[in-house]
Amino acid sequence: MINTQAILASARKTILSESESIANLIQYLDEDFAKAAEIIYQSKGRLVVTGIGKSAIIANKMVATLNSTGTPSLFLHAAEAIHGDLGMVQPGDVVICISKSGNSPEIKVLVPLLKRFGNVLIGMTANKNSFLGKESDYVLHAYVENEACPNNLAPTNSTTAQLVLGDALAVCLMELNNFKSEDFAKYHPGGALGKKLLLRVGDMLDDTHKPVVSPECSIKKAIVEISEKRLGVTAVVENEKVIGIITDGDIRRMLNDRDNIAGVLARDIMTHNPKTIKSTDMAADALNTMENFSITQLVVVDNGEYKGILHLHDILKEGIV
């Protein structure tokens, strides 16, 4: 019979064990870590990250993070390296080799070959006295006392420690490179994240549906304009300047307040000083403005010129939210 409490207790124990292992990493940070970051930062080549088994999976993740944060990197599987893929390593590249024990057979074959090429070798291992630890130019000490596995066998705490050290290195390199959100956007052009960082108001604006009426036009004409352009709003423009807007809500309130709308003009019910945004502003900023003021449309104005209406649906359609 399945014991729910026992399962939860085991999960909590694992999480606590891994969190303690991560916290303990701080005491193993030394000058080698700082020097390794500096060497990678100053390198004119790429960063090659290699490993075997579960460490290879961590190496793959490190490469993905480094590439997306401005440090050109590639993954080299330690087993494949000694069967031809070693040609991926070029002069000037820096190599990080990940191995918990530092003594696996593939590592013992690979490390001397890397040393022969003259590349800087950074070892990430739990055992500084291992073959990898002794042969590396710099050591990132990923020491853990034990695994979360009840048999102390399956890589759990050790791979988490490797992952965290890799993230710490990536963040240090981001700071050394002064890597900003604008730079991040260059490497993430696709998906919601890329759109949030790159998409501008002008990219979503449909200037073929630009509702506009004059302040002296009749309410009937304003209603027709709102209906035809299907944006739930129209701008009120005088002397080529936006002086107000009329929304569906304004129309409903007018009909509730007045029994006779004959003679009512656009200027009589328009909302003055509407919220505006420039076409060069980020779509994410437009969304924040809409949320802050609980509105669904923004008037797009560039240097005083009316460009159109941005609707919340335009932003939602792009999948930014």
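Helices here are DSSP runs of H or I with at least four residues, numbered from the N terminus. By that count, helix α12 gives the largest share of the lining of the largest pocket, four residues. The model is predicted. The structure holds twelve salt bridges.

**Largest pocket**
- About 290 Å³ of space lies in the largest pocket.
- The lining has 19 residues, and Ile245, Thr247, Ile295, Thr296 and Gln297 are the closest to the pocket centre.
- By class, eight lining residues are nonpolar, seven are polar and four are charged.

- Aspartate 167 pairs with lysine 61 in a salt bridge, with the closest N and O atoms 2.6 Å apart.
- Aspartate 167 sits in helix α7 (residues 157-176) and lysine 61 in helix α3 (residues 54-68), 106 residues apart.
- Aspartate 167 is partly exposed at 28% relative accessibility, and lysine 61 is partly exposed at 31%.

**Salt bridges around glutamate 238**
- Glutamate 238 forms a salt bridge with arginine 267, the closest N and O atoms being 3.5 Å apart.
- Glutamate 238 is in strand β7 (residues 233-238) and arginine 267 in helix α13 (residues 266-269), so the bridge ties together parts 29 residues apart in sequence.
- Glutamate 238 counts as partly exposed, at 31% relative accessibility; arginine 267 is also partly exposed, with a relative accessible area of 31%.
- A network of salt bridges links Glu216, Glu238 and Arg267.

**Lysine 278 and aspartate 281**
- These two side chains meet in a salt bridge, 3.7 Å from N to O.
- Lysine 278 is partly exposed at 43% relative accessibility, and aspartate 281 is partly exposed at 22%.

Notes: Residues are numbered from 1 along each chain as its sequence is written. This is a predicted model: local features need pLDDT of at least 70, side-chain atom pairs count only at pLDDT 80 or more; totals for chains, interfaces and linings use all residues. Side-chain values use heavy atoms; hydrogens and water are left out. On a 1 Å grid over the protein atoms alone, a cavity is a set of points where a 1.4 Å probe fits but cannot get out, and a pocket is an open set with protein on both sides within 12 Å along at least five of seven lines; lining residues have an atom within 4 Å of a point. Grid points are joined across faces, edges and corners, and a volume is the space filled by probe spheres set on the points. Helices (H or I, at least four residues) and strands (E, at least two) are DSSP runs, numbered from the N terminus. Ala, Val, Leu, Ile, Met, Phe, Trp, Tyr, Cys and Pro count as nonpolar, Asp, Glu, Lys and Arg as charged, and the others, Gly among them, as polar. A salt bridge is a side-chain nitrogen of Lys or Arg within 4 Å of a carboxyl oxygen of Asp or Glu. Buried means under 20% relative accessible area, exposed over 50%, partly exposed in between (1.4 Å probe, protein chains only).
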